Amino acid sequence: MGLFTRRKMAEKTKDESYKIQSTTSLDENLEKIKLLLTDCEDVIYKEFRVGVEQNLKFAVIFTDGLVNKEFINDSILADLMYHAREIPPEAPVLKDELFKLVRYGSIPSPEMKEITSLDDAVMAILTGDTVMLIDGTANIIVVGTKGWPARGVSEPSTEGVIRGPREGFTETYRFNSALVRRRIRDPRLKLNQMQIGRRSVTDIGIMYIEDIAQPELVEEVKRRLKTIDIDAILDSGYIEELIEDNPYSIFPTIKATERPDKVAAALFQGKVAILVDNTPFALIVPATFNAFFHAAEDHYIRWIPATILRMIRFIAGTLSLITPALYIAVTSYHPGILPTELVLSIAAARDGVPFPAVIEALILEITFELLREAGVRLPAIIGGVIGIVGGLVIGQAAVEAGIVSPIMVIIVAVTAISSFSIPDYGFSTAFRLFRFLLILASGFLGLYGMVLGLLLMLGHLVRLKSFGTPYLTPFVAFAASDLKDTIVRLPIFMMRDRPVGLAKDKIRMKNNRPEIKQTSGDKEKGKGEENHDKK
Amino acid sequence: MIRNNDHISPYQLAMIIIMTVIGVGVFNLVHIVAKHGGNDGWLIMLALGIVHILLAFLLIKLSCRFPGKTFPEYIQEIIGVIPGKLLVLAISAYIMMNLAYEVREFTEVAKMFLLPRTPTEVIIFALILVCVYVVRGGVESVARIAEITFPILFIPFFLVLIPGLPGLDMTNLLPVGSDLGVKFQRMIPHAPHAFRGIEYILFFIGFMERPQRAFKPVAWGLIFVTFFYVLISIIGLSAFGAKAATKAIWPLLIYIRNINVPGLFLERLDGIILSLWVITVFTTIVTGFFIVTYSLSKVFNTQEQKQFALPLMIFIYYLALQPAGLAELYKWGDWTFKYISSIFMYVIPIAAFAIAALRGLGVKKDEDF
């Protein structure tokens, strides 16, 4: 069997026995690797000789751009090529012990391993590690030399906060796992790694806290990830779509986040996080309807403002769904609901508009969607132009031309602003799309149609599940204690238990707050606090 | 994870009861109560509520004999496979009629107050179509819908009722308790009008992990329903007086229409309440519809129930279009509830219980209560 056939078989069957084994001859190994990496001109082969008599043949192979070249020069090549000459020439001993000497004695690197298969060697080269072949032994040494230009940790651009950490994930998997690990110094925080993608061979990490997360959940995540068979994973979006429960729904059932503190908070609740290489977006499962209304900040600011912000957000969600539909239904079907003066002023504003309210709403909503989409794709410098064109030219001119009524412009503006106050982008998209359905429904059947549309949405939401958790938890599968972190956000010292049904270890804290003595003297007060700190 | 699509919690059971029993009939309730019970209608409602709670306990007892099984499954044990299946088919047909009645009644109300020019067919079709979608989701979806719509429906409803309360004239309720016996007698045949739907628990208890735990939620659910009916009766009777209340078909809606909230930017609330009331009709249909599809899946021994939903929709649609108008609908309705409903609500479950007890079937003692 030829080299490439074997390689394909190994890929297909995942059978170790198909892997090409290395031989003791350096030349042969080198030739085979070169054959496997034909036309990969970014791979660098460096053959050199070691020893006083220069009779020990070595070769290092690595990919240019993926490695830390200084490290290779200083710690691999320099050590072997120069320092090896200082060893007295006891040739026979040296020859037998050569491999061990190099493996354990010569290379000052913490990351080393030995392999015997050329497939693994090729994989190591393409990952950014350096492969070292030694003549006379079939063992191949892999030295960890990964080092490529990477974007540093910066503020997440999609989930900003006013108060709270400003670190966001980057495209480098290892940085990301470290960012989470820094927040959870617990040996029970587990990180299981796997590689997905036949060609891309992307690193995937599954993070969970062992005694908080339900073992069934962890197993299910692993099972779903293992069944993925695809050529490449370019973003966590691929993973999301391949493992989510309801791929045909417009509502996301997996949460994607750029924030390590959000991931840590989710892990502490018993959720499981999936980190993917090459993307700053980590996935959190299970994700519920409720979680998409939460911003990271909610737990960092004081609880009363946080609760009010939550309420505003839920109201905004409702408004972004129903405002245009409600307007259409009331004005064109049930004007009797409104007081007479209001009806008259609406009628006066609509005077001269040639379209029914539905068409009017659709025209403006679609225009707004166009503007939004254009604004996202444009570079920031021209972005301001969109605002001028959209707000002034189209809005003002459309009203003056009598195509739409000014009230409709207000309605669409309120809807747009509301939909932006939903923290999760994918989730607010779902709301935006559903809005169009409601507009049509209320255009046909008035309030009745709107309520039916909302019931359809509810009916859809109750059918959804995210990794076994009903999507509308805790509003359904009712557990009163879980309502503490929904529309309201109770003070942290009241959230003593982790979510019911999600966490295995339910107790979050035993003692809620130190007793704070209301004494007048400053000195005594200080003393009291000190004591409590010691506790 | 584990796709457990066949369990409901006690809390969900209570919600199912409430959302099933309270249907579009509420609008009509005051009319019936006033007609047969006079100014003591609310007292009779209270008494009937208590009677039905006791009846519900009997149904739970029956279900407790067959833990983990639903009515269509154990009735085949009680009276034999073929008669059992025939009976289940009959019940399904009855429930379908019930649903069709519910749909049509709501359509008539909606046509009167919300959509005067929209064809009846469109209103009915749109409503059933949305129901089909939920029914296809299985018992968990049905239970969750009941659970989540409960606060959405009742919180605004009670809020709307509050501003009208000062306008009530409680003297309309006096004298309390005259000729109670006669009134009670006249009201009894119309009890199914208010309480039809409680026999559905025979089906839903089978989905509970421990049927013994059904007593509490069922009791609470029915207490809520009774409280709600009594409240509505008191409001209707005291607002209009027994005589005037019989003149209107839907006294409650007229009452709501006349509520004026000073300072609110809404003038007439009946439109809002009616569009909210879609929800209760919707849940009533969804639970009943689910029972029909589920029963059919047990009759024909299929694994899933969802494939029955869409074809059955056509039947409901057809049945709902049969009455020529509101008068005919109510004439048929009165007759159905007086006779057929009584059979299915009272006679059959009690007979099934008696037979099961006599034959000594199932678990006799409920051990861990």
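This is a predicted model: local features need pLDDT of at least 70, side-chain atom pairs count only at pLDDT 80 or more; totals for chains, interfaces and linings use all residues.
Let's start with the strands. Chain A has an open sheet of five strands, ordered S6-S7-S9-S10-S8 and paired antiparallel. S6 (189-196) and S8 (255-257) sit at the edges with a single partner strand each, so one side of each has no neighbour in the sheet. On average, neighbouring strands are turned by 25 degrees against each other, direction ignored.

Looking at S6(A) and S7 (residues 202-209) of chain A, the two pair in the antiparallel sense over eight bridges. Among the residues involved, A:Met194 has A:Ile204 of S7(A) as its bridge partner.

## Helices across the sheet

Helix H6 (residues 173-183) of chain A lies across S6, S7, S9 (272-276) and S10 (282-285), running at about 10 degrees to S7(A). Helix H9 (residues 260-268) of chain A lies across S6, S7, S8, S9 and S10, at about 50 degrees to S7(A).

## A helix pair in chain B

Over in chain B, the axes of H3 (residues 41-64) and H16 (residues 326-359) come within 10 Å and cross at roughly 40 degrees, which makes the two helices oblique to each other. The crossing is left-handed. H3(B) brings B:Leu58, B:Leu59, B:Lys61 and B:Leu62 to the contact, while H16(B) brings B:Pro349, B:Ile350, B:Ala352, B:Phe353 and B:Ala356. By class, that's eight nonpolar residues, one charged and no polar.

## Where the chains meet

Here, 30 residues of chain B are in contact with 31 residues of chain A. On the chain B side, the elements giving two or more residues are helices H6 (120-135), H7 (139-161) and H14 (270-299). That side has 20 nonpolar, six polar and four charged residues.

Note on methods. Residues are numbered from 1 along each chain as its sequence is written. Chains are lettered from A and ligands numbered from 1 in the order in which they are written. Axes are lines fitted to C-alpha atoms, for helices over the stretch in contact, and angles run from 0 to 180 degrees between N-to-C directions. Helices (H or I, at least four residues) and strands (E, at least two) are DSSP runs, numbered from the N terminus. Angles under 35 degrees count as roughly parallel, over 145 as roughly antiparallel, 65 to 115 as roughly perpendicular and the rest as oblique. A crossing is left-handed if the near helix is turned anticlockwise from the far one by less than a right angle, and right-handed if clockwise. Two residues are in contact if their C-beta atoms, placed from the backbone, lie within 7 Å. Ala, Val, Leu, Ile, Met, Phe, Trp, Tyr, Cys and Pro count as nonpolar, Asp, Glu, Lys and Arg as charged, and the others, Gly among them, as polar. Two strands pair if DSSP finds at least two bridges between them.
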